[in-house]
Every structure is written in C-alpha cells, then in structure tokens.
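Trainee: Could you give me a close look at the charged side chains here, how they pair and where like charges gather? I'd like the overall picture first.

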Amino acid sequence: MRNFLGLGLASVFALAGCGEEAKKQPAPADECSTFSPCAIGECVEGQCVAGDVVEDTDPGVDTAPDTQPDTTDTGTPDTIEPTGAACGVACVADGDCDSGLCRPLGTGAAKVCTELFATDGCDGCPSFGPISAGASGSDGDLCAAGDYGDCAACTADADCGAGLCQPTSGSTFCQMPCFGDNSCPEGFTCRGADRNGSVVAVCEPDNGLCTGCIDEDGDGYGGGPACLGPDCAPADPTINPGAPELCNNADEDCDGRADDGISLATDENNCGGCGIVCDLANANEVCTAGICRVDSCTGNFADCNGDRVDGCEVNFDDPDTCGSCVVTGGLVGAPCGICGDGVFACSGVGTAECVGDTANACGGCEPLPQVLGDTCGCGAGEWACDPATPGAQVCINDALANDCGGCGAVEGGVAGEACCGAFTLACDPSNLNSVFCDVPDSFPRNACGGCTALAREPAQPCGTCESGATVCDGREATRCDGDLGNAALNGCGGCATLPGEPGEACGTCGLNSYVCDATDIDQSSCNGDTRVNSCGGCAALDIAPGAACCETYTAICDPLRPGLTKCDVPVTVQLNACGGCGVLDQRLGEVCGTCGSGRYACGGQDTVVCAGDLGAAALNACGGCGLLDGEPGSACGPCGEDFVECVGTDIVACDGATSFNSCGGCLPLANEPGATCCGGTSEYTCNPDDRNGTVCPSADGRVNFCGGCGNGRAELDGACGTCGSGTYACDRADPTAVVCNGDQGAAALNACGGCGPLSARIGEACGSCGLDTYICDPSGGGDVVCSGDTTFDCGGCTDFAESEGDACGSCGLGAFACSGSTLTCVGDAANECGTCETLLQPPGGSCCEGGTLECNRDTGTVLCNNTDPGLLNACGGCARLEANPGDGCGTCGYGTFICDGDGLTCEGDPGDGILNACGGCSTLDGVPGTSCGGGDIWVCDGTEAVFCSPPG
C-alpha cells in the first residue's frame with residue numbers, strides 16, 4: 001500500500017472523469033454480473049432485482065427508514081444504514097458502503113465503495129491510491145481501487161484516476177503519482193514525467209515494460225494487462241475473482257458475498273454447517289434440510305432401524321439376518337426346542353425355524369432308558385409315557401407283581417406274620433419286595449423302622465470328606481449314599497475349603513494364581529501380588545507419578561486412594577474429589593441414570609461418569625421407577641381370570657374381580673346356598689373356610705358316607721383332583737366331610753396342560769409337506785395341533801424358483817401356470833421364423849421383382865430368395881437406402897432412422913423445440929438480449945454463435 005505524504009499535491013491531479021460530464025453520464029445502477037453483484041437485491045440476467053425488500057411507499061413523514069432513498073416522501077429524508085460493503089465492491093447508493101461513499105471512480109465506470117483519502121493514506125482500502133473528487137465538490141479527495149494502478153491499460157488520463165496515461169511498451173498504460181521511491185511498488189521507481197507542460201512524479205516500471213502483471217501474491221490477479229484481472233486481496237493468493245468459494249463465512253471470489261453458491265441445506269460437504277461432510281456407513285448420502293440422510297444403501301446393506309446416524313447398519317449377506325430386517329420364528333443362532341439344544345436357522349427370506357431339537361418320544365430331554373411298548377415290571381407290564389411326569393416313563397399293566405407290588409419272593413417274611421414279639425410284618429413301601437415290622441410309635445424301634453440297634457444312624461455324614469449321607473438299607477442296616485470319592489477332595493488333595501483353588505486368579509489385580517501349600521493339603525496361597533500401575537493399583541493411571549499437573553505441580557501416588565495418583569499441591573490449593581484441578585460437573589456418589597440406578601464416580605481426575613446406570617433395565621414393566629404391586633399381565637382376581645394392567649408408570653390394578661359361584665369361589669358348588677339338607681331340617685350355607693363349598697350347619701340323624709350330616713358330596717374312593725389323580729376319602733379331622741387325597745396338581749397334566757397322553761410329540765413335523773410342527777392347541781384343549789399347513793405354488797411341496805404368472809418361454813411371451821402340483825410354461829409364441837423378433841415382413845410375400853420372402857434360420861429374419869443376401873439393404877429390401885438404421889435424423893440429428901418395411905423412417909424427431917435462441921443447434925455462450933457486462937448485451941452471430949455488443 002502506498003503512503004501519500006500530503007493531501008495538497010494529490011488534489012492537483014483532478015480528473016476529467018470527475019467533472020460535470022461525469023455527473024451527466026453515470027453507469028446504470030441496476031446492471032450487475034458475477035464480478036459486479038447487486039448491493040441490494042439479486043442479479044437476474046444482468047439486472048438487479050429487489051428480493052423481499054419492503055419499501056416505505058407512504059408519502060409524508062417517514063416512520064421507519066427505507067432500504068433506499070424514497071423520492072416520493074415529503075417528510076424527513078430517510079436515514080440509510082450502511083450495509084458493510086468494503087472498498088471496491090459494486091454499489092448503488094451511499095448506504096451500501098461501510099464508508100457511506102458510493103462513487104464512480106473513472107470515466108463511464110460503475111459505482112464502487114470508496115473512502116476519503118486522509119493524510120495517512122487509504123488504510124481502510126488495501127491497494128487503493130488517491131483520486132481527486134473533482135466536481136463532486138464536498139467529498140474532497142477519494143481513494144481509488146487497484147485496477148486504476150500502475151500499468152493498467154488506458155486511453156486517457158481520466159482512465160487512471162490520480163495517475164497519468166503514459167505511452168509505455170508501444171501502448172498506453174497508467175502510471176500512478178509517487179512521493180519518493182518508497183511509495184512505489186516493487187519493480188517500479190519514482191521518476192518525473194511531463195503532464196500538460198509540468199513535471200510530475202509517477203511510478204515507472206524499471207524494465208520500461210508494462211506488458212506483464214504486477215502480482216504481489218502470485219495468484220495471477222493484480223495490475224497490468226497480463227493479469228487475469230484486478231485483485232481484491234493482493235497479499236492473499238487464496239482470495240481473487242477466480243478463486244473457488246469455500247464454506248467459511250468469507251468471500252474468496254471477490255463478489256462481495258460470503259459462501260455464495262453453497263447451500264447448507266443441500267451441500268453434502270457442508271450439510272447443516274461448514275465442513276460437515278455426509279459420510280454415512282454403507283450408504284449413498286443426501287443432504288436434506290441441513291441433515292445428512294440415507295438416500296440409498298450400497299451393496300447388500302439395509303437401513304433397518306431408520307436411524308440416519310449409523311447409516312445402513314445391517315448386512316443382508318450376514319447369515320444371521322436371513323436377508324431381511326425382520327426375522328420371524330426366532331433369533332438366528334439362539335437355542336430353541338423343548339430341550340433347548342436346537343438352534344434357530346434361516347428357512348427363507350425373513351424367516352427362521354428350530355432345527356436339531358432332540359426331545360425324546362415322551363417330550364422330555366433325557367434319553368428314555370426303555371423302549372416304549374417293551375415289557376416291564378414282572379414281565380406282564382409295558383413301558384409307556386408317564387402322564388404325571390412329562391418326558392418320563394412308567395410301567396403299566398403289570399399283572400405278575402407279588403402281594404407287595406414287587407416281583408418274586410418277598411424278603412423278610414410274609415406280610416401278616418408276627419414280628420418283634422406281638423407285632424405284624426407289613427409291606428415296605430420303599431421296597432416292594434420287602435416287609436417290615438409294623439410296630440406302634442411307642443415301641444422302641446431303630447431309625448430305619450427295625451427292631452435292632454443300627455451301627456450308624458441315618459443322616460450322619462459318611463464317605464470321603466463326609467461327602468455322603470447315611471441312609472437306611474432295609475430296616476436293620478444302613479449304607480453310605482452319595483459318597484463323592486476323590487471328587488470330594490479339594491484341588492490340593494485335602495477336605496477343607498481352600499482360600500482359592502490352584503490356578504485361580506488372585507492378588508490385588510488378579511494377575512497371580514493360587515498354589516498348594518507344600519506342607520498342608522488343606523491350605524493354598526497366592527504366589528504373589530502383581531500390580532498394574534506404578535502406584536500399586538489395577539487400572540491405567542490418568543496421569544503418571546512425576547508428570548506435571550495443575551500447571552505448576554507434580555502428580556504423586558495418592559495415599560488415601562491406593563492405586564491412584566493425585567496432584568501434589570499445597571493444602572491451600574483445593575483439589576476436586578477425583579484429585580484433579582478442574583471443577584467436577586457432579587458430586588461423587590449422587591444417584592444418576594435411569595431411576596437413579598447409577599452413581600456418579602470418577603472417570604478421570606477432572607471428569608465424572610455415571611457408573612452402573614441400568615438404562616431401560618431399571619424401569620418397571622409400566623415404564624416407571626417405582627415398585628409395582630403386581631407384574632402386568634399376571635393373573636389376578638378371586639379366580640385368577642383377570643389380569644394386572646398398568647394404570648400409570650408406577651401403578652397397577654386388577655382389571656376386574658371375577659368370581660364364578662355364589663360363595664365367591666371359582667368352582668361349581670355341589671349345593672347352592674339355601675338348598676335343604678339333612679332331611680330338610682337345615683339349609684346349606686357358604687363354607688367360611690372354602691369359597692368353593694357349602695356346609696350343612698346342623699344334623700337330624702341322617703348320615704352321609706362319612707357318618708355325618710355335613711358337606712359330604714362325593715362317592716368314597718371316587719377319582720378327584722387334577723386329571724383324577726386323587727381319590728375321595730373321609731376327612732379324619734371332620735368325619736362329616738370328605739377330602740381329595742393324592743391330588744398331583746400340575747404334575748398330573750401333560751405338556752400341553754391336558755390330562756391324556758398327547759396324540760403327537762411337540763415339535764414333530766406335520767402338515768401336507770411336513771414343513772410345520774406340532775404345538776400345544778392354543779384353544780386350550782390339552783392336546784397338540786399342527787401349527788399350520790405350509791404348501792408352495794400349485795398346492796404342492798416343491799418350492800419353485802418361479803411364481804404362477806411369471807413370464808416364461810424362449811421369447812418370454814408365455815406364463816407359468818399350475819398343472820396339478822407342478823408349474824409349467826404355457827402360451828409361449830415365437831414368430832413365423834421360429835425366433836422372437838418382430839418380422840418386418842411375413843414370409844411368403846413377393847420381393848425384388850419375382851422373388852419370394854423366406855425365413856433365414858441363421859438370423860431369424862426374412863430374406864428375398866432370388867437376390868444375393870449381400871445386395872439386400874439393411875432393412876431386408878431391394879431399394880437403396882438414404883441412410884443406415886440407427887443414424888441420426890431430423891432437427892439437429894436428435895431423431896433416429898428405423899426400418900419401415902424395406903425402407904426407412906425418422907423416429908423421435910423433436911422438431912424446432914430444441915433450437916437455440918438464434919435458430920441453430922449449438923449451445924450458445926449467452927442468451928441473446930441479456931447483459932454480458934459493462935452495459936453490453938449478447939447478440940446473435942448467425943444461428944450458431946453470439947457476441948457481446950453495445951445495445952442498439
């Protein structure tokens with residue numbers, strides 16, 4: 001930047017372009033271009049057009065300032081607020097410029113922003129020099145842009161601002177005034193030159209040439225005819241009219257607008273903000289409304305969760321996906337089946353089924369020890385599935401058992417014989433081939449029910465390391481049951497519980513292992529205590545002892561927190577609870593996370609983390625944090641027929657209170673309250689101890705089966721309970737009542753909750769094609785049903801690659817249709833020559849002066865039989881064609897020649913609609929009639945080109 005020393009000398013160089021003539025011929029204020037943008041509004045086809053500006057059109061006193069001066073107002077003139085445009089930027093009015101000065105700085109030049117030339121030069125306008133305001137009167141001397149500087153091309157002094165238009169290098173170029181050598185740019189020297197008979201000091205090129213480019217930053221822009229143009233930032237090579245616009249809130253291309261042409265709403269490299277690049281995993285991205293989104297997925301990936309952050313997160317080539325976002329049937333790879341040893345595997349796109357389940361024939365998971373139907377018991381029974389224990393066997397119909405239910409001779413005597421003096425032998429229920437002495441409770445017997453003393457009492461420990469237990473072996477002896485032998489010994493060969501088994505990890509950090517004591521088989525010890533960090537801890541240290549901390553102090557091992565470091569600062573320096581210098585976001589130990597399931601803990605010396613947060617797992621089944629009174633979906637109500645449901649995030653309620661009988665119970669009553677009993681002398685009332693029963697509160701001598709007049713309601717010895725597994729008997733505590741003895745409850749039910757044997761095994765294949773499996777009847781019938789009847793196209797069991805209705809045949813003209821349970825192709829049709837092409841002419845017709853059209857099987861076309869095929873035209877005819885099929889035709893060659901019989905026709909000609917604005921076919925450099933810069937417009941040069949010309 002030049003430093004002009006005085007205002008008076010600069011004022012001498014008044015310009016003709018700044019006189020009255022200049023005032024009469026201002027450049028049109030509404031013209032614009034890429035490098036001369038509109039100060040207000042938008043540039044549309046070379047003209048400045050107002051955008052969303054709302055003008056004050058009300059004449060009179062203004063109530064708010066306008067964006068431009070309002071010529072119709074008669075009140076106080078508008079105050080134009082500067083818009084902040086810098087020196088050299090095109091403008092319309094003073095308010096467009098941060099200096100408040102919008103002036104033309106050359107003959108016929110458009111207005112640009114400038115500033116007053118002061119004694120310290122043009123500091124606010126880099127690379128500007130002084131220029132006299134001339135006839136502008138009150139302005140004084142102004143600063144002119146660099147494109148009026150040294151070596152700028154000119155025809156008169158007025159083109160050079162404050163400089164002279166001097167002959168140099170065979171042409172005329174501007175030479176700017178100077179005040180000593182230090183005021184000229186590099187490569188120029190301050191010398192005297194003649195101006196109207198007076199000697200003035202100007203900057204002349206040292207080499208006497210002005211054909212190059214004065215370019216301070218080497219970007220090709222600066223002063224001189226060889227430059228690409230003027231440089232708005234001569235010291236910065238990244239800023240010039242040809243520089244690409246970047247997203248950085250700066251103006252790189254010198255058009256006065258920052259980041260123009262960059263849309264944060266749609267630019268994938270600046271999506272929602274500068275430098276934010278859309279880069280989603282396995283996806284083709286698109287920027288919409290400033291957010292990176294998945295436009296499409298690459299390869300065989302899919303966006304299954306709809307979350308734009310992780311892109312296309314699922315690979316359908318992964319066998320666990322079964323080629324779909326949603327897999328029905330089960331989680332691929334998860335265990336399944338009755339025994340859990342099956343595994344779900346893909347059975348089709350989006351489906352999985354259980355394979356490899358090994359349940360036995362009775363629905364259990366252990367191998368059956370016997371073959372169903374084989375003989376058992378004493379030879380007359382047969383093995384069958386045990387209805388009381390799913391998966392187990394039971395021997396039924398054994399007719400050869402002895403009197404005690406066993407086989408063969410009964411040990412210990414004959415049931416009914418005398419024993420222990422005056423008592424009698426009875427069958428031993430624990431050994432059906434044995435009897436025991438049935439003595440009263442008051443008779444002294446051993447713990448096994450016998451009459452002699454036992455060597456070892458039952459339940460006493462026995463065996464290796466006393467791992468077994470003493471049990472009765474008959475009535476008169478005991479044995480050791482469950483002795484583990486060597487398995488009861490510890491890893492060192494002793495019986496005591498070791499502090500740790502040999503080989504188990506030990507030590508503060510678990511890096512060592514337990515070893516056996518050399519002298520004591522009941523002892524083990526840790527073979528060391530290896531620590532991880534230099535402070536004896538087990539975790540990596542945030543900062544090592546000796547490292548700098550808290551700016552001027554040093555880290556040391558923390559004596560109060562073993563294994564960690566702290567900053568060794570004076571007691572006057574307050575550390576945080578994690579031993580750092582920063583302020584912690586949270587207090588340690590306070591609850592955090594979902595439902596307060598976590599606690600804040602140190603994540604470093606200056607950070608805290610929420611440790612132990614359970615996330616969604618901490619929520620109850622209703623989505624709240626409180627303890628629910630019942631699990632939603634569980635049975636509730638007097639009869640368990642209702643269900644617990646959420647009525648708030650922490651509140652549940654029973655959705656009803658259904659009871660079935662008139663006593664509030666859930667079973668049918670044998671006798672309704674109010675019915676007469678005991679010969680009509682009493683009435684049944686609800687049993688206060690049993691809502692499913694009634695009682696007769698008095699008796700008149702009549703007796704029920706148990707000898708009373710109460711609530712006996714069943715035949716003695718009749719079946720009762722779940723699946724009839726119990727038997728009615730008189731209640732010993734109340735001889736007027738009966739009870740159900742031996743009811744097995746749920747154990748009596750089969751695997752589907754019924755009472756009889758299942759008609760098929762759960763999980764077995766079923767259906768027409770064996771593709772479905774037996775499941776429990778969802779209606780609750782207690783038996784199994786087939787889960788479906790899967791078949792394929794045509795109702796068969798073959799999974800065809802094609803579907804009914806798909807195209808088929810050599811020409812693709814047929815369609816697949818069912819024929820029984822198979823899929824066949826019907827309706828395929830070739831042409832008369834056996835191919836799939838559409839024949840231009842049918843065979844058999846006349847051609848080429850007496851010839852006949854015949855099929856050519858090699859080509860699938862029709863040829864004339866009396867003509868050399870090589871002489872036929874490309875459409876199979878005899879006439880000479882004007883072009884070849886496929887050649888361009890019509891307006892600008894946009895149509896295509898196709899065969900029409902044995903001749904040609906032009907297809908797809910768009911007509912005159914594709915011609916340019918000059919009536920030709922070429923792409924023009926500009927639109928005729930629109931601005932091409934400097935007040936000129938584009939004009940047609942024939943039909944295929946345009947040139948830039950002044951209007952008129």
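Mentor: Happy to! Let's call it a contact when heavy atoms lie within 4.5 Å. This is a predicted model, in which local features need pLDDT of at least 70 and side-chain atom pairs count only at pLDDT 80 or more, while totals for chains, interfaces and linings use all residues. Residues are numbered from 1 along each chain as its sequence is written, and side-chain values use heavy atoms, leaving out hydrogens and water.

Of the contacts in the protein chain between residues at least 6 apart in sequence, 26% join residues at least 24 apart. The chain has two helices and 60 strands (DSSP runs numbered from the N terminus: H or I of at least four residues, E of at least two). Buried residues account for 31% of its 952 residues (buried is under 20% relative accessible area, exposed over 50%, partly exposed in between, with a 1.4 Å probe and protein chains only). The accessible surface is about 52100 Å², with 51% belonging to carbon and sulfur atoms (Shrake-Rupley, 1.4 Å probe; for residues, only the protein chains shown count as cover).

Now the pairs. Side chains of opposite charge can pair when their charged atoms come close. The structure holds four salt bridges (a side-chain nitrogen of Lys or Arg within 4 Å of a carboxyl oxygen of Asp or Glu). One of them joins D529 to R531, at 2.9 Å from N to O. D529 is partly exposed at 37%, and R531 is partly exposed too, at 39%. Another links R479 with D481, where the closest N and O atoms are 3.7 Å apart; R479 has a relative accessible area of 41% and D481 one of 40%. In the pair of R587 and E590, the closest N and O atoms are 4.0 Å apart. R587 counts as exposed because its relative accessible area is 61%, whereas E590, at 34%, is partly exposed.

Finally, the like charges: D793, D799, E802, E804 and D806 form a negative surface patch. Patch members have over 30% relative accessible area and no salt bridge, with like charges joined within 9 Å; Asp and Glu count as negative, and their charges are placed at CG and CD respectively.

How values were computed. Patch = residues over 30% accessible without salt bridge, like charges linked within 9 Å, V, L, I, M, F, W, Y side chains within 5 Å.
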